[in-house]
Amino acid sequence: MSIQLGPFEIDNPFILAPMAGITNSPFRRLMRKRGSALVISELVSANGIEYASQRTLDLLHFEEDERVIGLQIFGESTENLVKSCQLIEKKGADFVDLNLGCPVPKVVKKGAGSAMCKDPVSLGKTLSAMVSSVSIPVTIKIRIGWDSESVNAHEIVKVAEDAGVAWVAIHGRTRAQGYSGLADWDYLGEVKAKSSLPIIGNGDITTPESAVHKLKTYGVDAVMIGRGALRNPFIFEQANEVLKGNSYNDPTGDDYLSLLKIQKKYLLEQFHENKAMLHVKKFLAWYSAGYPGGAEFRRFVFQTKDSEQVWEGAHSFFLDHTRRRNTSFLREPFLMGGHG
Ligand SMILES: Cc1cc2nc3c(=O)[nH]c(=O)nc-3n(C[C@H](O)[C@H](O)[C@H](O)COP(=O)(O)O)c2cc1C
């Protein structure tokens, strides 16, 4: 069921949300393979790119099988944002995304992230400069406003449209909310109804059914799923089935094993074993949520140093424990902090 999103024809309307420290190249490859229609890097500092720190430049690495791939940048300096756009175009990424949703004090204090939406006129100038500096599309990801008194996503979408931005992804919370409360999907629907730009809705999607429900009820062009994909890495494939009117099977132990096999391969292709292990331990903890014996398994994972033992433990856990998942964990707060 391919759809048109801005200039791209993509396979489906379900997209992995960018998450710092999580949506690195190996995980993006995995989620592309598992049905995310496109992928976006975590936020990368445009000032860091200007100073060419190796750690920053490493974050811009991507593999061919991630396409359609966007690299996300943030920063308060128009000059550095423009230079970053040009470097990203040179690197061959498919689009550049500007982070306008980051609520973190260190970022907003400098006037970057969600603080940029407080001044739509100045933002419009920055966006126009970015768009005219490259021939790849420029997209943005915003929150609905700074606080409940200044909800202005309508206005920011208009500014983005005038500047030539290709689409706007909106996390349905204000900056003041952080990750508390619920994403305001009614408001996202209103913004979409008045917008001629494609709108991607985002916030609190934890099941394939809710992904399809949000898409259909609020009329957005696509939905972005962040934390929901960490505890259910099959959510994109499942949402695709639901969208087609099909049912889907709950993942079996073998499904987890084949997912982990590919994840291990991608991690070890790009990272040293220690770094790969650090990543995989986080994912094993997330994937095991709600399965019987999950708490004990997570203790084992974090206490075990030997990587082969961790992989073996993961094999036996997923083969033995994935028959009954208790989904009440979906109502518990989860990763209540991030950069967008
Ligand atoms: C750990 C974490 C890191 C995040 N990092 C980024 C980021 O680098 N760029 C960004 O635009 N949003 C970032 N976000 C925000 C997510 O993209 C998304 O907007 C938010 O989590 C709400 O969607 P969800 O309820 O589906 O998770 C981050 C969120 C989390 C939890």
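**Exercise 1.** In this predicted model, which residues of α11 are buried, and what covers them?

*Solution.* Start with the helix itself. The buried residues of α11 are I235, F236, Q238, A239, N240 and V242. Next, look at the surroundings. The cover over these buried residues includes the strands β3 (14–16) and β10 (222–225), together with the helices α1 (25–33), α9 and α10. Finally, look past the end of the helix: just after α11, G245 has a positive phi of about 85 degrees.

**Exercise 2.** Describe how α9 packs against α11.

*Solution.* Step one is the geometry. Helix α9 spans residues 208–218 and helix α11 spans residues 235–243; their axes come within 8 Å and cross at roughly 55 degrees. An angle of 65 to 115 degrees would count as roughly perpendicular and one under 35 as roughly parallel, so α9 is oblique to α11. The crossing of α9 past α11 is right-handed.

Step two is the list of residues. From α9, the contact uses P208, E209, A211 and V212; from α11, it uses I235, Q238, A239, V242 and L243.

The contact of α9 with α11 consists of 7 nonpolar residues, 1 polar and 1 charged.

**Exercise 3.** Which residues come nearest to the ligand, and which elements give two or more residues to the shell around it?

*Solution.* There are 24 residues around the ligand, and the nearest are A17, G226, R227, G338 and G340. Two or more residues of the shell come from each of β4 (39–45) and α10 (227–231). Sorted by class, the shell has 11 polar, 9 nonpolar and 4 charged residues.

Key
Residues are numbered from 1 along each chain as its sequence is written. This is a predicted model: local features need pLDDT of at least 70, side-chain atom pairs count only at pLDDT 80 or more; totals for chains, interfaces and linings use all residues. Axes are lines fitted to C-alpha atoms, for helices over the stretch in contact, and angles run from 0 to 180 degrees between N-to-C directions. Helices (H or I, at least four residues) and strands (E, at least two) are DSSP runs, numbered from the N terminus. Angles under 35 degrees count as roughly parallel, over 145 as roughly antiparallel, 65 to 115 as roughly perpendicular and the rest as oblique. A crossing is left-handed if the near helix is turned anticlockwise from the far one by less than a right angle, and right-handed if clockwise. Two residues are in contact if their C-beta atoms, placed from the backbone, lie within 7 Å. Ala, Val, Leu, Ile, Met, Phe, Trp, Tyr, Cys and Pro count as nonpolar, Asp, Glu, Lys and Arg as charged, and the others, Gly among them, as polar. A residue is near a molecule or strand if its C-beta atom, placed from the backbone, lies within 6 Å of it. A residue is buried if 20 or more other C-beta atoms lie within 10 Å of its own, exposed if 12 or fewer, and partly exposed in between; C-beta atoms are placed from the backbone.
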